[in-house]
There are 2 protein chains.
Amino acid sequence: MKDFFKVTDLDQIFAFISKFPVIASETIPLPDATDRIVAANIISNADLPDFDRSTMDGYAVRAASTFGASDGNPAYLNIKGSVAMGEHPDFFIDSGEAALISTGGMLPDGADSVVMVEHTEPIDDTTIEVYKSIAPGSNMVEIGEDIAKGSILLNCGQKIRPQEAGLLAAFGHESINVYKKPLIGIISTGDELCPVDTAPNPGKIRDINTYTLSAMVQKTGGIPLVFGIVKDDFDSLHLICSKALAESDMVLISGGSSVGMRDLTIKILSSLSDSKILAHGISISPGKPTILAKIGNKAFWGMPGPVVSAMIVFTIVVKPFVEHVKGLAAGERHLWRLPALLMRNISSSQGRTEFVRVRLLEKDGVLWAEPLPGKSTLINTMVKADGLIEMGLNIEGLEKGSEVSVILL
Amino acid sequence: MKDFFKVTDLDQIFAFISKFPVIASETIPLPDATDRIVAANIISNADLPDFDRSTMDGYAVRAASTFGASDGNPAYLNIKGSVAMGEHPDFFIDSGEAALISTGGMLPDGADSVVMVEHTEPIDDTTIEVYKSIAPGSNMVEIGEDIAKGSILLNCGQKIRPQEAGLLAAFGHESINVYKKPLIGIISTGDELCPVDTAPNPGKIRDINTYTLSAMVQKTGGIPLVFGIVKDDFDSLHLICSKALAESDMVLISGGSSVGMRDLTIKILSSLSDSKILAHGISISPGKPTILAKIGNKAFWGMPGPVVSAMIVFTIVVKPFVEHVKGLAAGERHLWRLPALLMRNISSSQGRTEFVRVRLLEKDGVLWAEPLPGKSTLINTMVKADGLIEMGLNIEGLEKGSEVSVILL
């Protein structure tokens, strides 16, 4: 009989995340910073805008000059001048005066609002009628209304989306200090594996995990370092594991799903200098035979060999570790789930958190999740799948029509 | 009084998508193909797996040899041999025989199933007891069970996620024919704009849209081509628009939100060879003053100047066009929306589809969407926002507690 290893619950696994250090930072040009993580708080060094700015085409005025104006009782204002875009107006607006201004223009000194061109009518070259009474501050953005000087623009650990890139541009940050992309070493083991450029002999199959895991690392903001296929023997594996560990910030080794092979992985991980096995088996399905070791400061994962298990373990378990190491703040690590209705009854193995592949189908505006059962070696089930649903440790099953939350793949 | 232009509804805009051709294809290495779009159907040239493969550690047997076996009444089988991983076994399994096999191993000829090691006990070096009756096909994957020879692996227009990359690896596709990344030209106009590396003089602000739009293009799978800031005059604009059109697959020009400027953009777009203005104003808010022209085979967009409007127009209107041009099939263009409850009442302007910025907050397992009102020039509202909610043409408003669907930003 094989030894059943003592499995670790997901919550306990996630508690290990903070044991690993965040990667170092680097300074890169702003146009390269999309999806990168800010490595230090950034404070605004100016007000945005730093002048009162019109948001409409119209006339800059003192609001008081329009009080009481209406269609039947217009106010008459003298045209003092015209604001050129991007220029500081060299005149002053007094009571009873107006200056032609375009959207984005700078209000002249003395003006406190803009009356929209639609609410005015020119009488002659020097006079307009105004048909609307406006309040101070109308149709303009005040100094610092968008961002005040001295406020925090972006927090350390925040991801740079397009809007954050724009914000950095607004404050003249041509380059930006971000966390490096972590290097994630990827090793495949198994004497049955052959490289993608080889025609497999009978009994062999091409290595898939290197490609699925590399792509998942890329999509999580890491850089995959591929170490290829290693033979199932101690010396070969020890050599390549040591090399991968030296060159990477985290290592994933997949395969070796047999008991003997798992024992070998554990033996090698344990033999590496400053090594601690944090988990040997996780209470999830598929993916139970997952190993997490901390070697020096780095996470070293023994991933299951079957492609479905390896992908699910990466999505659910490994990804938050990569996100932590790449500097993403805990509060920013959202795993949004999409509600859907279950299309068929499904059962679950109690005592494990089970992840079921599903395809999403929209019918009459209702989103349905169709379970895609299948062995964990069948990649076609992942190709058909849009996402995963989670069934907790103590759930026996879910009935057709139940509301489920789908983690998109 | 300004001319109110006749606006086009969103549905009509989207009907224009098919007027634009999909970009050409190129062949790239598989590891670079993540998130790229397959440019031709790919057919499997083999079965996967192409041999009967064990999914468990155990013994390859004929199922019939185990029929009737139980804890109290084990079957006794002769050990014929041991399957080496990655090898074609050179022996045959007959009735009453078994061969040791590991997960992923090739079943010997004659065997039709695998009995798990947990359900066996060795008696001596040549005999095992089997405590369980198994059916043919148990604990194995049959030839072609994952993918049958001759079936469609991937369809033209499908996106390559990690699982599709793995599928391609499994069939030996070292390189892959995908659609090129479209080049999207980006131009900013406005005499009030200065470049990011310049300290703005009074009345000027730094160009933000170049950075937000470039990042959005990147995230949509395009390559931004930045043409910088152009002065608001016909000759400069005409020159740069012609250049951008020649060098890009699609062009976005933003700014010029004043009436005069919009007229200039229309005038220039109309003056370019083989030009047709498809829309001049769209019934959305913000973003109404958007222009879509078809010049030759290319889409040329006049985007609003305010950063919030430009981002929303890109997300809702422009993005599906980029996705079409980059080859993504219509059925693959999902815009998943996350349900949430509205935290406050909001009103809407009828006659336009309105997009409201929201922040998402999770409280006691319930997702709330907090509306973030604010002028369309205020980038901080986009930085605070997690998404947008859509209010249809004829909706006057939504009450606190209503269920809304959030488009993630």
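Let's start where the two chains meet: 72 residues of chain B are in contact with 72 residues of chain A, where contact means that the C-beta atoms, placed from the backbone, lie within 7 Å. This is a predicted model, in which local features need pLDDT of at least 70 and side-chain atom pairs count only at pLDDT 80 or more, while totals for chains, interfaces and linings use all residues. Residues are numbered from 1 along each chain as its sequence is written, with chains lettered from A and ligands numbered from 1 in the order in which they are written.

Helices (H or I, at least four residues) and strands (E, at least two) are DSSP runs, numbered from the N terminus.

Now hop over to chain A. Six strands make an open sheet there, in the order β16-β13-β17-β21-β20-β18, with mixed pairing; two strands pair if DSSP finds at least two bridges between them. At the edges sit β16 (223–230) and β18 (275–280) of chain A, each pairing on one side only. Strand β13 (residues 183–189) of chain A runs parallel to β16(A), joined by 6 bridges, and A:L183 stands opposite A:I223 in β16(A).
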